[in-house]
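Hello,

Here is the structure I promised to pass on. Have a look at it first, and then read on for what turned up in it.

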Number of protein chains: 2
Amino acid sequence: MNRVLFRDWQSVRDEVLRRIHARDWKPGELIPNEADLAIEFGCARTTMNRALRSVAETGLLDRRRKAGTRVAVQPVAKATLDIAVMRLEVEDRGQNYSYQLISRSLVVPPDEISQVMKSHTDEKLLHVHALHLADDKPYALEDRWLNLRVVPDARTQSFQTVSANEWLLRNTPYTHGEIEFSATAATPTTASLLACSDQSALFTIDRLTWDKQNDVTKVQLLFAPGHKLQPRL
Amino acid sequence: MNRVLFRDWQSVRDEVLRRIHARDWKPGELIPNEADLAIEFGCARTTMNRALRSVAETGLLDRRRKAGTRVAVQPVAKATLDIAVMRLEVEDRGQNYSYQLISRSLVVPPDEISQVMKSHTDEKLLHVHALHLADDKPYALEDRWLNLRVVPDARTQSFQTVSANEWLLRNTPYTHGEIEFSATAATPTTASLLACSDQSALFTIDRLTWDKQNDVTKVQLLFAPGHKLQPRL
DNA sequence: AATGTTTTTATGTGCATACATAATAAATTG
DNA sequence: CAATTTATTATGTATGCACATAAAAACATT
């Protein structure tokens with residue numbers, strides 16, 4: 001019998017993780033209940049609960065009332081990734097960030113955009129096209145649509161020095177958003193802007209940001225070839 | 001003064017989120033301390049703490065001892081994404097999953113692989129190449145290296161019907177891993193296997209799985225064109 | 001056997017309290 | 001005045017206890 005006592009929930013969690021990884025507790029297996037484990041670990045049930053809950057959040061444990069706690073059979077890896085402002089992302093890589101506005105225009109968007117953004121027919125949206133650079137080399141191309149009905153202040157913003165990316169985060173309320181990752185082939189236009197060859201495979205992020213019912217902005221980010229995104233596990 | 005009391009930590013959290021989104025509490029602003037908020041919300045500090053902690057986990061609040069809690073200036077969006085077994089991923093999309101082994105061979109890996117996997121010179125690794133299909137159409141191409149020193153049981157596995165992906169998860173202990181997303185252009189070989197045109201932009205996932213010091217497996221997944229990955233925010 | 005009802009039980013959570021810890025602010029010292 | 005020490009304070013967390021809740025299991029009823 002293990003006589004080592006575990007003081008804090010982190011060390012309890014670590015021991016739980018060890019047992020799972022070492023297959024002391026095998027996939028699919030039911031583990032003892034909180035109360036019993038708390039006694040074994042020499043801590044309060046509250047502490048045990050916190051530890052087990054945190055492991056369950058990573059997907060390694062499945063917990064259900066009355067049914068108990070069991071080791072996940074197919075551990076759905078829960079990867080978390082931080083999506084920061086472009087500038088911080090570049091600076092975190094130790095590179096020098098710069099920004100370049102390509103175009104800014106008030107236009108009636110193509111159908112696929114107006115549908116997603118629920119803009120009225122013939123309603124103009126602000127279209128901002130810009131380039132983010134790392135150490136003066138193209139890093140990502142930003143293609144953004146802004147709904148001026150929702151963000152009227154954007155009308156007076158030139159976006160020459162501050163990217164729409166950054167300005168929005170600081171000035172616009174929003175309630176929720178959607179993100180999507182994919183791979184896109186470079187078109188002749190995007191290729192020349194990103195200084196890569198036509199048809200290059202580009203890592204792509206599409207974002208849609210909402211404030212209540214209203215779509216604030218829709219943006220597509222095309223990253224220069226070779227870009228990698230590394231989530232924490 | 002708000003006389004509504006909040007019973008559980010979720011409703012407290014929701015009200016906190018509302019205040020942030022409504023800019024009652026503006027980015028960069030210091031919010032009242034836990035004890036005061038607990039009184040205002042009519043709950044225990046423990047409950048307030050749980051609520052604030054859960055919001056902080058999403059990146060919307062920055063908390064520091066003594067310094068207090070403030071609304072994040074650059075809300076680093078913390079996206080979480082579930083990386084399940086390929087089969088479940090396909091089935092969750094309501095499609096029919098199937099699997100096809102392309103090749104399985106014991107070979108000395110190219111340098112870049114043996115370096116990452118820290119295999120000895122001339123040491124053979126198990127190389128498994130397979131195709132995952134959704135509704136009988138190519139879904140993803142799996143290119144995997146297995147370290148038989150670490151997973152000796154893999155030697156007797158044919159991987160004809162059960163994918164290495166699934167077999168490993170069920171049978172192999174591991175301590176940690178790395179994931180990386182990127183975009184890759186299809187080569188003639190991969191293009192023909194994925195039934196797409198040469199140079200197509202393919203969404204790519206690279207994974208490295210470790211058990212203590214030992215690399216268990218290294219895998220590259222090339223997804224058929226059009227594949228999108230959608231994290232939860 | 002099929003259906004509905006009650007009991008049981010493991011997790012989920014709230015609360016009051018106590019103390020730990022990090023980091024700032026204030027006080028002290030050379 | 002800069003450097004160092006000390007006090008203060010907001011968050012972080014352990015604990016015991018109580019009760020809520022979901023869901024399985026046992027039981028009862030048709």
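Predicted model: local features only at pLDDT ≥ 70, side-chain atom pairs only at ≥ 80, totals over all residues.

A polar contact here is a pair of N or O atoms within 3.5 Å, and within protein one of them must be able to donate a hydrogen and the other to accept it. By that rule, 6 residue pairs are in polar contact between chain A and chain B, counting pairs with both residues at pLDDT 80 or more.

Strand 8 of chain A gives the most, with 9 residues. Sorted by class, this side of chain A has 24 nonpolar, 12 polar and 13 charged residues.

Charged residues also meet across the interface, where 4 salt bridges are found. One of the side-chain pairs in a salt bridge is Glu180(A) with Lys228(B), at 3.9 Å from N to O.

How much area do chain A and chain B bury between them? The value is about 4300 Å², with 55% of it on carbon and sulfur atoms. Of the area that chain A buries against chain B, His21(A), Arg23(A) and Gln74(A) supply 14%, more than any other three residues. In terms of contacts, 49 residues of chain A meet 50 residues of chain B.

The two chains also share strand pairing: strand 4 of chain A runs antiparallel to strand 4 (residues 77-83) of chain B, over 7 bridges. In this pairing, Ile83(A) is opposite Ala77(B).

Now to the DNA. There are 23 residues around DNA strand C, and those that come nearest are Arg45(A), Arg63(A), Trp9(B), Thr47(B) and Arg64(B). Of the atoms of DNA strand C within 4 Å of the protein, 72% belong to sugar and phosphate.

- Arg64(B): a side-chain N or O atom is 2.3 Å from a phosphate oxygen of DNA strand C.
- Ala44(B): a polar backbone atom is 3.0 Å from a phosphate oxygen of DNA strand C.
- Gln10(B): a side-chain N or O atom is 3.1 Å from a phosphate oxygen of DNA strand C.

Best wishes

How values were computed:
Residues numbered from 1 in each chain as written. Chains lettered and ligands numbered in written order. Heavy atoms only, no water. Near = heavy atom within 4 Å. Contact = heavy atoms within 4.5 Å. Buried area = accessible area lost by both parts, 1.4 Å probe. Helix = DSSP H or I, 4+ residues; strand = E, 2+ residues; numbered from the N terminus. Nonpolar A, V, L, I, M, F, W, Y, C, P; charged D, E, K, R; others polar. Pairing = 2+ DSSP bridges.
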